[in-house]
Amino acid sequence: MKQRNDSARLHVRGLMAAVGVSLLLGGCATTNNPRDPFEKFNRAMFTFNDAVDRNALKPVATAYKNVTPSFLQTGVNNFFGNLSDLWSAANNFAQLKGRDGMNDFTRFAVNSTLGLAGVLDIASPAGLNKHNEDLGQTLGYWGVPAGPYLMLPILGPSTIRDTVALPGDWWGDAWTHVNDIPWRNSGIVLRAVDQRASVLEASNLLEDAALDRYEFIRDGYLQRRESKVLDTDKAQERAEKVQGKLDQVQEKVSERLEKLGVKKPTPPGEEGDAAADAAAPAAAGSEAATGSAPNNPPTPAPVSSEPVQK
Amino acid sequence: MKPIAQLIVTAATVAISTSLVAAPAVAAAETPDALVKRVSSDVIDSVKADKDIQAGNRQKIMDLVNSKILPYVDAQKMTQQAAGRFWRQATPDQQKQLTDEFRTLLVYTYSGALAQIKNETVEFKPFRADAAATDVEVKSQVNMTRGEPITLNYRLSKGAQGWKIYDINVLGAWLVQTYTSTFTSEINKGGIDGLIKKLHDRNQQLASKPLQAPAK
């Protein structure tokens with residue numbers, strides 16, 4: 001517990017340093033969105049990124065997508081995805097998600113060997129799904145607030161917290177440890193192109209849907225990030241799991257009772273100690289099932305939009 | 001060839017005859033998750049069966065959206081929530097215009113998304129809700145041929161015409177919430193009429209622009 005506090009404090013310090021830096025960057029902040037005090041700076045950066053994208057990244061990614069055979073693209077995607085599984089596993093463990101951590105680690109182990117250094121993703125068809133956790137999410141899990149929105153040059157949308165976590169993620173990215181510089185750099189470029197290629201269609205759609213692309217991306221990104229930290233998509237899964245365990249316990253209890261020769265299972269409500277114990281997690285489970293109350297302890301408001309009126 | 005021709009004729013008839021107001025009577029008795037499942041598999045099957053749609057035939061896609069999706073969407077509620085506190089400041093006429101323009105924009109966006117359906121499959125998560133509930137969330141994910149699955153959740157509320165969708169969550173972001181601040185800043189700049197005009201201009205622009213043909 002103590003350790004956790006210490007590390008949290010450390011991060012807070014880092015956070016404050018980062019806030020200071022971005023205040024410098026931001027200069028005069030004209031804003032109406034409380035999550036985006038550096039809007040002026042962010043917009044400038046967004047314009048810059050957009051120009052880079054339009055003139056370099058997007059054309060290259062489009063060519064890559066149209067020219068390279070799709071098995072090659074899948075291979076590239078799998079290869080880098082496999083490397084990220086290792087760091088994701090570490091972050092799962094750091095968030096006490098032992099099962100997901102083991103899962104991601106197994107993915108890495110299986111795909112790195114049987115999957116020919118990760119080029120083939122044989123773990124996914126085997127039911128081992130990716131989790132994609134990073135250091136920013138780990139910090140979020142332990143209660144570090146996301147802080148203001150920040151548009152990073154080239155790297156795109158982020159928050160203060162995630163920017164602070166970036167060096168960690170950089171270190172955790174196995175590819176950055178490749179010693180041969182030309183190899184390393186070409187790999188980084190290839191990965192960027194591949195990632196851009198995989199969202200080409202989505203980005204085209206976005207251009208249609210958004211009145212103001214900057215705002216649209218910002219609000220979408222912040223929501224998505226928050227939901228990833230809270231794992232709202234897994235809340236239901238967890239609820240089901242709790243429910244399943246409960247059912248098992250109940251079954252066992254009634255089995256035992258029968259073996260002991262106790263008269264017929266009693267009506268619900270007085271099924272002995274085990275059922276009473278189980279009642280507490282049941283309540284937690286049903287809460288999670290509604291989707292609005294995630295289990296992670298240190299979380300602020302739910303992701304859902306404002307309550308339905310009338 | 002004949003059955004296909006027949007199918008097209010039937011589809012066209014359905015498209016013409018289904019007006020927005022008259023949601024099919026089935027909807028009332030259907031559970032919300034069954035409704036979403038039916039609509040989504042219906043739409044996906046239609047797309048996969050139609051080469052024109054895959055090639056980006058805008059008219060056909062729009063017909064599909066209008067006939068198979070819109071009857072189950074509560075566009076007014078969506079608009080109302082996206083407009084937030086400004087909704088009540090708008091005159092009934094402005095409310096109607098705003099709803100119409102926003103709905104059109106959503107149709108264009110959705111059409112663009114539909115044209116890109118290829119081998120993706122939709123997987124629904126187990127649905128649990130109180131039988132008496134009038135506001136629920138149906139959860140699904142789209143499994144892509146490569147990369148992570150995409151979260152796709154729906155919020156539905158029960159009204160006089162049965163269950164209707166009023167919000168969609170893509171990749172963890174709710175559509176209405178994502179539009180909220182855009183609406184707010186546009187209204188702050190040019191009032192409600194300014195927002196209506198902005199939406200209208202965008203729709204005009206999208207109407208004249210060819211649909212992006214899916215890159216193979």
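I'm working on a predicted model here.

**Helix pair in chain B**

I looked up helix 7 of chain B against helix 8 of chain B: their axes come within 9 Å and cross at roughly 30°. That puts the angle under the cut-off, so helix 7 of chain B and helix 8 of chain B are roughly parallel to each other. I also checked the hand, and helix 7 of chain B passes helix 8 of chain B in a left-handed crossing.

Next I listed who meets whom. Helix 7 of chain B brings residues including Leu98(B), Phe102(B), Leu105(B) and Tyr108(B), and helix 8 of chain B answers with, among them, Ile192(B), Leu195(B), Ile196(B) and Leu199(B). By class, I get nine nonpolar, five polar and two charged residues for this contact.

**Positive phi in chain A**

Most residues other than glycine have a negative phi, so I went looking for exceptions. Leu96(A) has a positive phi of about 60° and lies in the loop between helix 3 and helix 4 of chain A. Leu96(A) is exposed, with 11 other C-beta atoms within 10 Å. Asn132(A) has a positive phi near 50°, in the loop between helix 4 and helix 5 of chain A. With 16 other C-beta atoms within 10 Å, Asn132(A) is partly exposed.

How values were computed: Residues are numbered from 1 along each chain as its sequence is written. Chains are lettered from A and ligands numbered from 1 in the order in which they are written. This is a predicted model: local features need pLDDT of at least 70, side-chain atom pairs count only at pLDDT 80 or more; totals for chains, interfaces and linings use all residues. Axes are lines fitted to C-alpha atoms, for helices over the stretch in contact, and angles run from 0 to 180 degrees between N-to-C directions. Helices (H or I, at least four residues) and strands (E, at least two) are DSSP runs, numbered from the N terminus. Angles under 35 degrees count as roughly parallel, over 145 as roughly antiparallel, 65 to 115 as roughly perpendicular and the rest as oblique. A crossing is left-handed if the near helix is turned anticlockwise from the far one by less than a right angle, and right-handed if clockwise. Two residues are in contact if their C-beta atoms, placed from the backbone, lie within 7 Å. Ala, Val, Leu, Ile, Met, Phe, Trp, Tyr, Cys and Pro count as nonpolar, Asp, Glu, Lys and Arg as charged, and the others, Gly among them, as polar. A residue is buried if 20 or more other C-beta atoms lie within 10 Å of its own, exposed if 12 or fewer, and partly exposed in between; C-beta atoms are placed from the backbone.
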